[in-house]
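Hello,

Here is the structure I promised to pass on to you. Please have it open while you read, and I will walk you through what turned up.

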Amino acid sequence: MELIGLMFLALIFLMPLGANIYGRSRIRKLMSASAQTQSEGRVKQHSLTTFHGLFMSMCVLLPALAVILCWLTFAPMVISSLLVSEITRLTGETDPRLLSIFVSKLEALYEGVLKAEFVEPEIRQALGYYSALIIRANIFLYVVTIATAVAGFVLSARHISPRFAARDKVEVIIKRLMQLASGVAILTTIGIILSLAFEASRFFDAIPIKEFLFGTHWSPQIAIREGQAGGSGAFGAIPLFAGTLMITFIAMLLAVPIGLMSAIYLSEYASKRLRNVAKPAIELLAGIPTVVYGFFAALFVAPFLRNNGSVIGLELSSESALAAGLVMGIMIIPFISSLSDDVINSVPQNLRDGASALGATQAETITQVILPAALPGIVSAILLAISRAIGETMIVVMAAGVAANLTANPFESVTTVTVQIVMLLVGDQEFDSAKTLAAFALGLVLFFVTLMLNILALYIVRKYKEQYD
């Protein structure tokens, strides 16, 4: 079946190529025949030959992809429903939770993850039904998809003619695809919001929202099953919010001055040769995985701060907000530097020339003309960098720890919202317990914070940029 599936995918992507070649050759033949039969003059071709080929390719490929997408969306639900019916017939079980477990075992048995001796006889008996169901479903997919592609080929071939507006049709199809892509992006955002809101509402049914937003103790360890050891659970998120703000503040204290000054230097002082080398080198920091930054913070920065802090009488723990904030600031420097550099370079040259004509020095031009003109964009870059810092996880896990301490001391271990989301969702969890649902409540808060920062950045840019147009 795997070989047949690969052959099917190859055929689906080769058919549009063949349709493209056929469409171009057909329009050439029609134009050649028209030139031979027309004695008074040749019929003018409406669209280029390329557009005729693209039109046929799209008519073959897009309907086939639509069929595959629909199959991937609805086939699992249909197959699962048929499996539940078959397992119910074999076992007589009607409890939805047990039926879901039986279906999971059957799927694991089919994929070879689970051995046959570890499942019930009824599940082994249903394996043949499931295998036949999968085969029939795949055959149905192959037949319907190929038939749809062939139908698209035949229908599009009928339209090929010298006066056919293939270019207009291709442009309309591309426009619709762009609209579809935009719609998918919007619907994805709406889906994320709704899923977070739904799960968070379940959490707030169990835990008061006032306790969550204003409580000062975070200890979500509760028993998720009968007989399991665990506490009563405390879900005050203030320590998480405080830790997130502290680490973000430390990171911005480092990143904003260095990033902004490097942008000013590269934009106003550096030679073109130096700029071409230094700018990519700074932006290279943005491509380093965050786990590498985490290793750097845990193995070098944190020990360095602890050893040198003891020399001057400061007591630093091996995991501290200071270490995480400093390394996070290094990571954010390219964001601020690159965005600020682009904003500064977008300031009109006539403002610089006007300042020079009035006798201003280069430093005065930068501080009194260029920076005020670029200020909305710079503020926007800083706000976007703050959003990036708030959402960071790996550096905090490895350098600041996971202890939810409510403290204003940057030398102590703290944790952040994103770290706790990870900790709540790993391991043996049930997704209907307050402990697990707390992750969705934290995610909803984090989503709205970053959304507000992005909206504020857009507002600042739109409100003040017109003053310098």
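Helices (H or I, at least four residues) and strands (E, at least two) are DSSP runs, numbered from the N terminus. T415 is found in the loop between two of these helices, α13 (394-399) and α14 (417-425).

Two notes on the source before that. This is a predicted model, in which local features need pLDDT of at least 70 and side-chain atom pairs count only at pLDDT 80 or more, while totals for chains, interfaces and linings use all residues. Residues are numbered from 1 along each chain as its sequence is written, and side-chain values use heavy atoms, with hydrogens and water left out.

The overall shape

The protein has 15 helices and 2 strands. It is divided into domain 1 (1-33 + 46-164) and domain 2 (237-466), with bounds that come from an automatic or database domain assignment. Between the C-alpha centres of domain 1 and domain 2 there are 46 Å.

The C-alpha trace spans about 90 × 80 × 40 Å along the principal axes of the protein. Its radius of gyration is 31 Å, whereas a compact globule of 469 residues would have one near 23 Å; this radius is taken over C-alpha atoms, and the globule rule is 2.2 Å times the number of residues to the power 0.38.

The accessible surface of the protein comes to about 26,100 Å², and 66% of that belongs to carbon and sulfur atoms (Shrake-Rupley method with a 1.4 Å probe; for residues, only the protein chains shown count as cover). Of the 469 residues, 38% are buried. Buried means under 20% relative accessible area, exposed means over 50%, and partly exposed is in between (1.4 Å probe, protein chains only).

Among contacts (heavy atoms within 4.5 Å) between residues at least 6 apart in sequence, 72% join residues at least 24 apart.

The two cores

A nonpolar core is a set of buried Ala, Val, Leu, Ile, Met, Phe, Trp, Tyr and Cys residues joined through side-chain atoms within 4.5 Å. The largest one here has 40 residues, and F55, I79 and L106 have the most contacts inside it. At least two residues of this core come from each of α1 (2-37), α2 (49-91), α3 (96-111), α4 (121-159) and α5 (166-206). The most is given by α2, with 13 residues. Leaving aside neighbours within four places in sequence, L106 is in contact with L83, I87, I123, A126, L127 and Y130. Apart from this core lies another, of 30 residues, including M246, A255, A389 and A400.

Residues worth a look

Beyond the neighbours within four places in sequence, T415 is in contact with P239, L240, G243, T244, G401, V402, A403, A404 and Q420. With Q420 there is also a side-chain polar contact of 3.4 Å. (A polar contact is a pair of N or O atoms within 3.5 Å; within protein, one must be able to donate a hydrogen and the other to accept it, and residues adjacent in sequence count only if both atoms are side-chain atoms.)

R352 sits in helix α11 (residues 349-357). With 11% relative accessibility, R352 counts as buried. Its side chain makes a polar contact of 2.7 Å with the side chain of E268 and reaches the backbone oxygen of V347 at 2.9 Å. Not counting residues up to four places away in sequence, R352 touches S267, E268, I344, N345, V347, T365 and I370.

R163 is in the loop between α4 and α5 and is partly exposed, with a relative accessible area of 48%. The C-alpha atoms of R163 and K44 are separated by 7.2 Å, although these residues are 119 apart along the chain.

Lastly, I288 lies in the loop between α8 (272-283) and α9 (290-311). I288 counts as partly exposed, at 31% relative accessibility.

Best wishes, and enjoy looking around!
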